[in-house]
Amino acid sequence: MNMQFGGGFNLTMFLVLAGVIVGIAVIIYIIVWFNTLVVVPFNEVHVVSKTKKVNQYDGSGRYRYFKVLHGRTIIPKHVLDIEPPLIKLHDIDKLPFGVEISVKVQVTDPRKAAETLTAINHQTISKVVEDTVMSAARSVAMERNILDIMKEREEIESAIYGMVSDALNKLGLSPIIFDIKNIRDIDGMDVIASLERVKIAELKKNARVSEAIHNSAAITIEVEKRKENTVKDEQMKQEEENARLEREKSIADQMIQVEKRKLAIARQKAHEMAEIELEKQQMAARALRDKKMILAQAEADAIKLKAEADAEGIKLRGEAEAATIKHKAEAMNEYNNVSAAGAKIKMAEILSAAQVEMAEKLATALGSNNKIMYLPMDGKSSFIGNFLPKLDMLLQSDVVQRMLSKLSGKGDSPE
């Protein structure tokens, strides 16, 4: 029984001891795991080197670091503000002066910086930057005199910045901002102050010269302005005179145009009057011609009518004479057949009847031609011209009829 109890106790003790050892190992592992795990801050870069391998971790990385197995360089990512002390320089003429410079540097190639620099901290980087800036500044300053350096500060600054940038890039660094803050005398020296006094004196001299030149120039400008004003006044007067002449010329041209228009209107009116006068003359000529034609036609018609009237009158006289002769023959015949007393009476009746018949035929013929125009021949009056109109009026009246009636009555009463 004792043996069994002893054997069970040993086993239990072994298991407990093994559990304790495992627990301790786990705790140690956990502790070691957490202690070796490195989380890189966002403003740092860690360069970790192993046997044959170099790793770089920035703010978004993590790694396990064993001091006995790994090498590590912690590099800050922020910009380092470095202000070296007064840098003592000499220009090309060996004149001493000092320069105050401000440089802001950042590690741009962490692996190269870890390889080239013994330590990467503000002190180490400041020492490297100061030495680099001093060397570059001396190289640039010895090529120029101090006046040029003071005048051409931006050019000097660019030259020094270029040399410093090339040198720091080889170390994995980069100058972000480079500025020459001041150029001044070093302690115990007054080179720049003397140059400033000389410069001030020169500036004053130049100012006086400039003022005199300015005054002279001002006087010259004033004279030129007066001349220019005089010329402008003369030009204005000339322009006014030219404008006046142009206006007068324009007015004269307008008057000439008006006169031309008046003359053209007068010519037009004269032409129209001449045409009217010509038309009047042509109308008068046509009227005279028509009048002459009418007169000639009237004269021809009058001659024709007169000829017709003469022919008709001759015909009527011939007929009347023929009738008279016939009645005379009849009367003579009857006269031969009757007695002497009765013959005389009968003869008288026959003659009276013949005269009455002849007068009636003549009146009838003349009455049928009562539209005959009695015009004088060749503008002269004649017996026929004066007698025929009166005879026509007499025939158209009833005087002849009454006389014939009376004659007829007298012839009948003796019978």
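The structure is a predicted model, in which local features need pLDDT of at least 70 and side-chain atom pairs count only at pLDDT 80 or more, whereas totals for chains, interfaces and linings use all residues. Residues are numbered from 1 along each chain as its sequence is written, and side-chain values use heavy atoms, with hydrogens and water left out.

Confidence is expressed as pLDDT (the predictor's confidence in each residue, from 0 to 100). The protein chain has a mean pLDDT of 76, and 76% of its residues reach 70 or more. Over residues 370-381 the pLDDT stays under 50, and the model has 14 contacts beyond four places in sequence for this stretch, a contact being heavy atoms within 4.5 Å. Residues 410-415 also have pLDDT below 50, with 1 contact in the model beyond near neighbours in sequence. Where pLDDT is low, the predicted coordinates should not be read in detail.

Nonpolar cores were examined next. Such a core is a set of buried Ala, Val, Leu, Ile, Met, Phe, Trp, Tyr and Cys residues joined through side-chain atoms within 4.5 Å; buried means under 20% relative accessible area, exposed over 50%, and partly exposed in between (1.4 Å probe, protein chains only). The largest nonpolar core holds 36 residues, of which Phe 97, Ile 125 and Ile 160 touch the most other members. Helix α3 (residues 122-141) gives the most to this core, with 8 residues. Helices (H or I, at least four residues) and strands (E, at least two) are DSSP runs, numbered from the N terminus. Beyond four places in sequence, the residues that Phe 97 touches include Ile 87, Leu 89, Ile 146, Ile 149 and Ile 183. Another core, of 6 residues, lies apart from the largest one and includes Val 38, Tyr 57, Tyr 63 and Tyr 65.

A search of the whole structure finds 1 aromatic pair. Its partners, Tyr 161 and Phe 178, are tilted, at 6.1 Å centre to centre and 50 degrees between the planes. Rings of Phe, Tyr and Trp (its six-membered ring) pair if their centres lie within 6.5 Å; planes under 30 degrees apart count as stacked, over 60 as edge-to-face and the rest as tilted. The pair links distant parts of the chain, with Tyr 161 in helix α5 (residues 153-169) and Phe 178 in strand β9 (residues 173-184), 17 residues apart. Tyr 161 is partly exposed at 31% relative accessible area, while Phe 178 is buried at 8%. Strand β9 also contains Ser 174, which is buried at 16%.

The search also finds 10 salt bridges, each defined as a side-chain nitrogen of Lys or Arg within 4 Å of a carboxyl oxygen of Asp or Glu. One of them joins Lys 181 and Glu 83 at 3.7 Å, N to O. This bridge links distant parts of the chain: Lys 181 lies in strand β9 and Glu 83 in the loop between β6 (80-82) and β7 (87-90), 98 residues apart. Within helix α6 (residues 191-337), Glu 228 and Lys 232 lie 4 residues apart, about one turn of the helix, and the closest N and O atoms of their salt bridge are 3.4 Å apart. For the salt bridge of Arg 244 with Glu 248, the corresponding distance is 2.4 Å. Arg 244 and Glu 248 are separated by about one helical turn because they are 4 residues apart in helix α6. Salt bridges that share partners join Glu 143, Arg 144 and Glu 155 into one network.
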